[in-house]
Amino acid sequence: MEEKVNLPKDAFQPVSKGERLDDEKITAPSRTFLQDAWRRLRENKAAFISMWILIIVAIFAFTSPITAPHPNNSNPDYANLPAKVPGVNINGFNGTIVQGGERIDAYKANKVPSDKYFYLGTDYLGRSLAQRILHGTMISLLIGVFATIIDLLIGVGYGIFSAWKGGKIDIFMQRIIEIMSSVPNIVIMVLLLLVFKNGGILPIVLAIAINEWTTMARLTRAQTLSLKNQEYILAAQSLGESPWKISVKHLLPNLSSVIIIQTMFTIPTAIFFEAFLSYIGIGIQAPTASLGTLINDGQRNFQFLPFQMWYPAIVLAIIMIAFNILADGLRDAFDPRTARR
């Protein structure tokens, strides 16, 4: 026999409209994938600060044609002046320099007008280092962006096509990638210099584009192989959608995280490659400024005027570090399973 349970009379009374059940409360607002990734990125303080540093650097660099329109104007009377910031009386930023064991005012010694300042000093030709660093940063960023765009156009398309076709076509296309990866960038650059004798931005961008897209292609191919057998891809094929539509509507949105993360690693790689080539004298040619040419010019007087090399080197280091920290933050934001505990 079952025991009878005596329940209170109000046990099954309906809940009034004014009352709310705790079980029905929404604990967090509904977010899309991108909104959730943005939230995780903001919680990563280092990555979020790095993102704003890069934004500020890009704003200063790309507005330099307006704010610093004459980076190549030289004045030998103002050569090798140290940094001087109005109202700052700190050694290194007050226009003084040590000569013969004594600290002297270099601006007075060179008879520089009292209302003229060079915030980061001047180089051996009397050109403003601040203006040249701004222009050099713009050139380096442009090279990084252009090389990355080509990397995206070639690498993403190549990787998706290779994985989608599969079989012998995939094997053949991967052998091409292995051949391209085995050729050093420096060899490609030297060969391009024989064609483009004046150097400049174009051969550097082409040298990076010819070789660096292989990494993007491999990553895209690996992700596409894991996605092409998913149920929603098979359903789209069953409905008769073309491979082009499937790639645009289904594959690219799911590959976006990999593409964005790899892009953030590609840009600093391209910037560093340009700086290295310009430093050894086969990249950007004088008088055009880039971070590599500025470091190269500064190292000539490094023993006596180290600031001429330190300032562009610091800017290059900040850009490289910020891009890598932001890339790590984006990787954790788009794929929280890889986040460091």
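Let's start with Ser 140, which sits in helix H5. This is a predicted model, and in it Ser 140 is buried, with a relative accessible area of 1%. What does Ser 140 touch, once we set aside residues up to four places away in sequence? The answer is Ile 271, Glu 274, Ser 290 and Leu 291.

Stay on helix H5 for a moment, please, and look at Arg 132, which lies there too. Is Arg 132 buried or exposed? Arg 132 is buried, at a relative accessible area of 1%. Leaving out neighbours within four places in sequence, its contacts are Pro 71, Asn 72, Asp 123, Arg 127, Pro 287, Ala 289, Leu 294 and Asp 297.

One of those contacts deserves a second look. Asp 123 and Arg 132 form a salt bridge, with 3.8 Å between the closest N and O atoms. Both partners, Asp 123 and Arg 132, are buried. As a reminder, side chains of opposite charge can pair when their charged atoms come close.

Now to helix H11, where we find both Asp 297 and Arg 300, 3 residues apart, or about one turn of the helix. Their side chains meet in a salt bridge at 3.7 Å, N to O. Asp 297 is buried, with a relative accessible area of 14%, whereas Arg 300 is exposed at 51%.

Arg 221 makes a salt bridge with Asp 170, and the closest N and O atoms are 2.8 Å apart. Arg 221 is in helix H8, residues 201-227, and Asp 170 is in helix H6, residues 167-181, so this pair ties together parts that are 51 residues apart in sequence. Arg 221 counts as partly exposed at 22% relative accessibility, while Asp 170 is buried at 8%. In total, the structure holds 7 salt bridges.

Next, the empty spaces. Rolling a probe the size of a water molecule over the atoms shows where empty space is left. How many cavities of 30 Å³ or more does the structure hold? There is 1, and the volume of the largest cavity is about 60 Å³.

Let me finish with the overall picture. The protein has 12 helices and 2 strands, and along the sequence the pattern runs α-α-α-β-β-α-α-α-α-α-α-α-α-α. Of its 341 residues, 39% are buried. Taking contacts between residues at least 6 apart in sequence, 71% join residues at least 24 apart. The accessible surface comes to about 20400 Å², and 62% of that belongs to carbon and sulfur atoms. Thanks, everyone!

Definitions and conventions:
Residues numbered from 1 in each chain as written. Predicted model: local features only at pLDDT ≥ 70, side-chain atom pairs only at ≥ 80, totals over all residues. Heavy atoms only, no water. Helix = DSSP H or I, 4+ residues; strand = E, 2+ residues; numbered from the N terminus. Buried < 20%, exposed > 50% of the residue type's maximum accessible area, 1.4 Å probe, protein only. Contact = heavy atoms within 4.5 Å. Areas by Shrake-Rupley, 256 points an atom, 1.4 Å probe, with all protein chains shown as cover. 1 Å grid on protein atoms, 1.4 Å probe; cavity = no way out; pocket = protein on both sides within 12 Å on 5 of 7 lines; lining within 4 Å. Points joined across faces, edges and corners; volume = space filled by probe spheres on them. Salt bridge = Lys/Arg side-chain N within 4 Å of Asp/Glu carboxyl O.
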